[in-house]
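Keep the viewer open as you read.

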Amino acid sequence: MAQEIDQYLKEQFCNGLKVGESGSKLPLHTHFEEIRKLLEQIFQSSWLAETDGDSSNREKVREKLYYLNNVLTECQMLSWRDQLTVCKIRRKLNDTTVELREWVQKGTTAAQPNGEVSSSYERQVTQWSTRVVDASRVHGFDNEVTLLEKLVLRQESDDQFKAIGIVGKAGVGKTTLCQVIFNKPEVQKYFLPRIWVCMSRKPNEDNDTRVAIVKRMLDGLGVDEEIINKVHKDHSLKGLLYALHQQLYRKRYLIVLDDASDNDAGDTRAFYGKLDSLLTRDGEWDCLAYGLPKGYGGVVIVTSRNEELAKNMVGEENLLRLLPRSDPESFWKIFKDAVEKGTDKDSTRLPFKPSNVEDLKKQILQKCDGFPITAKMLGEIMHDQVKQLQDQAAPNDTQQAA
């Protein structure tokens, strides 16, 4: 099943490029096309079946495919007039291209002569999330959405700062839950600015993840890249934190820090700790909390697979734990929705009225093992299979009619 999902994700990305070619030209099509060719080489290599450290190369490629499909969907919603967003996506695609070339050329993630992995590549490649979501296709999170919305919007006072952590295994729905909240009209109206920051590492970025994350936050706030780099060059991390504080000062902001991981040294982990800490007069600008002004109603949401890390950032009392789902109806809705509608890039709608619904519900629940993302992928795979059968049957029907 894992190989089938990987192949499907690759085909979904490649077919998305064809959709762009059929109408108006897709922004950054040349960048996407180069990535497509690199993916084809990777899928034909034996490297895909190898294991690097605790994670397999196949898992790394799968998560990269999730990211690429997300970015492609976002890019298809843009036009060339959205120059700022297009430039940001171009930089991300350039980074991805460099990483894929590394996989193709060396077949490993920069192994050192002594067998160790270099510090710049000592990471697990994770899904690069975006704020984009179709809330109508999210099922089974009603209670969690209501709870998180109350936590975000209902504060004891208008000037209270709040940090919230959402923890759980990969694929359980942490990012999806945040995407739904992030895009709710009530939340959009209440908070300004709102920025989405993916915490995953990426190549060709500062080895110091503290610098990389603060730079992303400033980028999300619309600060020009040249200005960000100059501040860092002249004033180091402290200058970046001060700039972040100035950008957010007297503003009721919402910041999502998605997929925080514990892959760094102790001093870096301390940098993210206790986000509600207040800046003291004689305090050093040495932790992320100091870049987050307090007293104006700001909210930060952290998602992580590491509960201890999230607890250190937001406190035990502010954790929301997501467990694998067990409701067959939710999984069935996700699966059925995906079968009928396909992917976000697919406009084909298929009727799906099986006679053995109850048996299918049990099978879907068993195969998904509590993770909604699997139900979605299974449904999209079936959508493509049904569509292919219909396309093959159409010429025969035409010939018989003639």
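## The largest nonpolar core

In this predicted model, the largest nonpolar core holds 40 residues, and Met217, Ile255, Leu257, Leu288 and Leu292 have the most contacts inside it. A nonpolar core here is a set of buried Ala, Val, Leu, Ile, Met, Phe, Trp, Tyr and Cys residues joined through side-chain atoms within 4.5 Å; buried means under 20% relative accessible area, exposed over 50%, and partly exposed in between (1.4 Å probe, protein chains only).

Among the elements that each supply at least two residues are strand 3 (162-167), strand 4 (194-198), helix 8 (209-220) and strand 5 (254-260). Helix 9 gives the most, with seven residues. Helices (H or I, at least four residues) and strands (E, at least two) are DSSP runs numbered from the N terminus.

## Around Leu257, and a second core

Beyond its neighbours within four places in sequence, Leu257 is in contact (heavy atoms within 4.5 Å) with residues including Val197, Met217, Leu288, Val300 and Met313. A second, separate core has 30 residues, among them Ile5, Leu17, Leu48 and Leu100.

## Backbone spots to look at

Most residues other than glycine have a negative phi, and most peptide bonds are trans. The bond from Leu192 to Pro193 is cis, with omega near 5°; Pro193 sits in the loop between helix 7 (185-190) and strand 4.

Arg250 has a positive phi, near 65°, in the loop between helix 9 and strand 5, and is exposed at 59% relative accessible area. Asp369, with phi near 55°, lies between helix 13 (357-368) and helix 14 (372-401) and is exposed at 56%.

## How to read the values

Residues are numbered from 1 along each chain as its sequence is written, and side-chain values use heavy atoms, leaving out hydrogens and water. Because the model is predicted, local features need pLDDT of at least 70 and side-chain atom pairs count only at pLDDT 80 or more, while totals for chains, interfaces and linings use all residues.
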